[in-house]
Amino acid sequence: MSGPEFQGKSHEISKQIVWDAWLKVKENGGAAGADGVTVEQFEARLKDNLYRLWNRMSSGSYFPGPVRAVEIPKKGGMRLLGVPNVVDRVAQTAATLVLGPELEKVFHDDSYGYRPGRSPLDAVATCRQRCWEKDWVVDLDVKAFFDSVPWDLTLKAVERHTGQKWVLLYVARWLMAPMRMPDGSIVERTQGTPQGGPISPLLANLFLHYGFDLWISREYPGVRFERFADDAVIHCVTERQAWEVRDAVGRRLADIGLSLHPQKTKVVYCKDGRRRRDYSVVTFTFCGYSFRPRKAFNKVQGKAFARFLPAVDPAKLAEMSRRIAAWKIHRRTALTLDDLARGINPAVRGWLNYFTVFYASMVRPLCWRVDRHLMHWARKKYKRLKRSEKRAREWLWSVRERAPRLFAHWELRYATW
């Protein structure tokens with residue numbers, strides 16, 4: 001029943017949903033969209049801005065602005081993100097709060113990406129266990145997924161799960177919003193859901209729920225998989241089955257307007273001390289972890305053996321090292337050690353919390369690099385250390401002895417196993 005809040009409105013959208021959406025947008029922060037309005041500027045006139053948005057969404061007169069194209073580096077090239085205006089992020093988040101709980105009821109148990117109560121580490125843990133159980137893996141990567149998602153199938157899937165017409169109406173408008181390129185030009189779009197908007201991960205999961213998850217569960221009921229967004233790992237018993245599944249998935253994706261990445265999609269043999277067949281591909285990467293044969297140790301028997309295990313991907317390690325170098329710690333000689341720790345610890349701690357869950361020793365080189373940057377800083381700051389790397393190392397050691405928890409990486413850096 002419509003209350004006073006909805007009288008004369010085309011759509012029943014509660015003000016509470018809009019308020020809750022704003023709180024999430026504020027918490028996430030982020031850059032301004034194409035209109036140049038920051039989160040702080042939006043908040044300066046919060047009451048007026050939120051009321052105007054609610055009023056327009058409720059009456060059907062809300063139209064999103066263009067999304068701002070942002071290029072970010074990735075392995076092998078650049079990835080194009082689409083940053084919506086702050087007001088559009090609030091609107092998208094409101095729709096996500098309404099649609100998300102309904103979709104959670106139907107999403108597949110082996111879908112891990114961008115879902116409450118699930119994390120990439122959960123996907124990695126499940127993948128590790130299943131790699132021990134099955135000998136073969138199909139490592140799938142959908143080519144330019146977020147740029148290629150067909151709009152008609154996406155809207156058909158959304159319509160199946162909501163009776164609220166405003167959600168379907170505005171999802172269509174968000175999908176069709178043009179993109180403002182870095183040079184200022186406006187580019188119209190005909191497909192895809194740009195990465196960077198709050199609604200995009202949910203739409204991606206919904207599309208692949210029907211496009212992949214339910215399909216493979218129906219066509220290959222004995223095959224298990226883990227999917228995080230558009231990356232998926234499928235576990236097979238034999239090489240023949242793996243190639244059959246790989247080709248079938250390729251045909252399925254072609255039927256729904258997508259394609260497999262030819263270089264990143266591969267069949268992998270989970271080789272270890274027990275599975276010793278010769279095969280050219282024995283490694284794959286999933287959720288930032290590289291899976292391959294690694295040395296393990298049986299504490300009961302006191303013996304080393306080979307096991308198929310995940311550890312931080314070398315490309316991720318190199319990326320983190322570049323980030324550390326970009327901080328230019330050695331130039332911040334006006335800061336104290338406490339200042340440096342407050343600046344770098346959040347990022348370093350986040351990396352370590354994620355990449356030390358499995359085969360933690362592979363992250364140690366990152367810790368060594370942080371220490372080298374700190375020694376470089378000390379040699380720039382203190383004249384007595386300028387000409388001697390040995391003295392700088394001894395100085396850093398003495399600091400660690402006095403304050404062993406000052407830097408987030410020291411516990412791992414000096415751990416003894």
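I started at Arg-294, which stands opposite Arg-307 in β11. This is a predicted model, where local features need pLDDT of at least 70, side-chain atom pairs count only at pLDDT 80 or more, and totals for chains, interfaces and linings use all residues. Numbering runs from 1 along each chain as its sequence is written, and side-chain values use heavy atoms, with hydrogens and water left out.

I looked up the strands next: β10 (residues 289-298) and β11 (residues 303-312) pair in the antiparallel sense over 10 bridges. Pairing needs at least two DSSP bridges; strands (E, at least two residues) and helices (H or I, at least four) are DSSP runs, numbered from the N terminus. Four residues sit between the strands of this hairpin, and Gly-302 takes a positive phi near 70°.

Then the cores, meaning sets of buried Ala, Val, Leu, Ile, Met, Phe, Trp, Tyr and Cys residues joined through side-chain atoms within 4.5 Å. I find 52 residues in the largest, and Phe-284, Phe-286, Phe-291 and Phe-407 have the most contacts inside it. Helix α12 gives the most to this core, with nine residues.

Last, α14. I noted Ala-392, Trp-395, Leu-396, Val-399 and Arg-400 as buried (under 20% relative accessible area; exposed is over 50%, partly exposed in between, 1.4 Å probe, protein chains only). Seen down the axis, the buried residues fall within an arc of 140° (directions from the helix axis to the C-beta atoms), so they line one face of α14. On the other side, Lys-390, Glu-401 and Arg-402 are exposed.
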